[in-house]
Amino acid sequence: MTLVLGVDSSTQSTKAVLVDVDDGMVVDSRTAPHPAGTEVDPRAWLAAYDDAAGPLLHRAAAVSVAGQQHGMVALDAVGDPVRPALLWNDIRSAGAARTLVEEMGGAQACAEAVGSVLVASFTSTKLRWLRDHEPAAADRVAEVLLPHDFVARHAAAPGTRSFTDRGDASGTGYYDTAGGTWRPDLLAAALGHDAALPEVVAGGAVAATTQDGAVVAAGTGDNMGGALGMALEPGDLLVSVGTSGVVSAISPRPVADGSGVVTGFADAHAGFLPMVTTMNAAGILDLQARWLGVDHAALASLALSAPWGSGGVSLLPYYGGERTPNRPDAVGTWHGLTSTTTRAELARAAFEALLCSLADAVDQLIATTGLEPNRLFLVGGATRSPALRAMAPALLGRAVTLPPPGEYVALGAARQAAWALAGTADPPSWGRRSVEELAPPGDSDEAAAAEVRAAYARLRDRT
């Protein structure tokens, strides 16, 4: 049995899966936590990698790392961080994002240059914040990496040069996504001076080897890794309900959406991964459960006992600001509370708000790209909730496919590792696991859901 190791270095933890190259089945796995917060010493990720992946490495013929997108890992001349890494969900660079977009000639020009309109999550905006707020640290920056780059280099033999892939590079703000090349001029404009960037390695190529001689693949961003792990095909929509909410699709063509709603990323192969992202997703339910003093099972039961529309209660769940729509300074807004509002209605309103936000993202992706969806896959820990499952088809407006639970980002990294090991033109085909189909909504649920979405839209548009 030949095994490969896929690693997901996410916001919250490192997850490592050991996978059989013949059929993609996971034979072993380990996890290790990451520190909380929107800025983290990136060396903590290396310790988590050693903890989670280290005991499995001796069994693997190849390894690949997928990691959280966008984060800024700024290193000095000897390779030490000049400050803690700023993560994708750190919004302090929102003002810098607006300034950089203006300097690039406006939103459409920005999208045409790098594939997306810059918002606070993009690496270049964090570099501009560093230049303006911590100039001494900015002056020391000799190299800029993404989180997955930093961990993947650690996985390789000592002395290996830095490397990345086109998928993760497309989320930096200084990479020409359509053309496939770095834009060092944009990095210098953001940081105030030049800095080294990693080599961009093709998805199926060997980027390096470990100290023991195992193949190290290029790795990629977490969303690109998830698409690989799901084996997405053109016509598939993937809705992920995790720390963030993500709606993505495989496209043969690059996207340059000047409205900023759709980010035009590259995928981890040869195509593109247009995406709409929300900052608030599963955390909406976590917060509601905490407020009501219940666990998630009880939260779902409460929600399912309330009617559509939550007794007139609507929620705009922008608790940590929001990326889509781009409102980094927004806060959560409740509307329609009365002296008769029940706990069940509060619980249901949280689910309805989460799904309305994701439904907006689905509609926006379809409208901007012109893609015709054949299937909608729903993944993420929140999909275990019976309330989310019950409401999803009606509020998303279509049949929903639930793949079996799994670490799809880590599995995608493993698939890339197997691809590099094999040296083939395309990733291995491991077949699809059994799925659960949620039926499309009936007429009554569809009408009720339309009213919920209309109430949500009124609150969204007036705020």
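A residue counts as buried when its relative accessible area is under 20%, and as exposed when that area is over 50%. The model discussed here is predicted.

**Buried polar and charged side chains**

Start with D360. D360 sits in helix α13, which spans residues 343-369. Its relative accessible area is 14%, so D360 is buried. Beyond residues up to four places away in sequence, D360 touches R453, Y456 and R460. With R453 there is also a polar contact: the two side chains meet at 2.7 Å.

R83 is the next case. R83 belongs to the loop between β6 (73-75) and β7 (85-86). Its relative accessibility is 11%, so R83 counts as buried too. What does R83 contact, once neighbours within four places in sequence are left aside? The list is E39, M72, R92, W129, L130 and E134. The side chain of R83 makes a polar contact with the side chain of E39 at 3.1 Å. Another polar contact, of 2.7 Å, links the side chains of R83 and E134. P135 is 52 residues from R83 in sequence, while their C-alpha atoms are 12 Å apart in space.

T383 also lies in a loop, the one between β22 and α14 (386-396). Is T383 buried or exposed? T383 is buried, because its relative accessible area is 10%, under the 20% limit. A polar atom of the T383 side chain lies 2.6 Å from the backbone oxygen of G380. Setting aside neighbours within four places in sequence, T383 is in contact with L378, L388, R389 and L402.

| Side chain | Partner | Distance |
|---|---|---|
| D360 | R453 side chain | 2.7 Å |
| R83 | E39 side chain | 3.1 Å |
| R83 | E134 side chain | 2.7 Å |

**Strand β16 and its partners**

Strand β16 covers residues 236-241. Five of its six residues are buried, so the strand is mostly covered. Which strands pair with β16, and in what sense? Strand β22 (residues 375-379) pairs with β16 in the parallel sense, over five bridges. Within that pairing, L237 has L376 of β22 as its bridge partner. Strand β17 (residues 245-249) pairs with β16 in the antiparallel sense, also over five bridges. There, V239 has V247 of β17 as its bridge partner. A hairpin of three residues joins β16 to β17. In a regular strand, side chains alternate between the two faces of the sheet.

**Helix α11**

Helix α11 runs over residues 282-292. Its buried residues are A282, I284, L285, L287, Q288, A289 and L292. What do these buried residues pack against? Strand β16 is one of the elements they meet. The others are α12 (296-304), β20 (314-316), β21 (333-335) and α13. Helix α13 also holds D360. After α11 comes G293, with a positive phi near 70 degrees.

**Empty space**

Rolling a probe the size of a water molecule over the atoms shows where empty space is left.

Take the second largest pocket. Its volume is about 570 Å³. The lining counts 30 residues, and those nearest the centre are A227, L228, A231, L232 and R415. Helices α10 (222-230) and α15 (408-422) each supply at least two lining residues. Which element gives the most to this lining? Helix α10 does, with five residues. By type, the lining of this pocket divides into 18 nonpolar, six polar and six charged residues.

Cavities are a separate matter. How many cavities of 30 Å³ or more does a search of the whole structure find? It finds three. The largest cavity holds about 80 Å³ of space. Its lining consists of W88, N89, I91, V119, A120, S121, M279, E322, R323, N326 and P328. Six of these residues are nonpolar, three are polar and two are charged.

**Back to the start**

R83 is buried and has polar contacts with E39 and E134.

Technical notes. Residues numbered from 1 in each chain as written. Heavy atoms only, no water. Helix = DSSP H or I, 4+ residues; strand = E, 2+ residues; numbered from the N terminus. Buried < 20%, exposed > 50% of the residue type's maximum accessible area, 1.4 Å probe, protein only. Polar contact = N/O pair within 3.5 Å; in protein donor to acceptor, adjacent residues only side chain to side chain. Contact = heavy atoms within 4.5 Å. Pairing = 2+ DSSP bridges. 1 Å grid on protein atoms, 1.4 Å probe; cavity = no way out; pocket = protein on both sides within 12 Å on 5 of 7 lines; lining within 4 Å. Points joined across faces, edges and corners; volume = space filled by probe spheres on them. Nonpolar A, V, L, I, M, F, W, Y, C, P; charged D, E, K, R; others polar.
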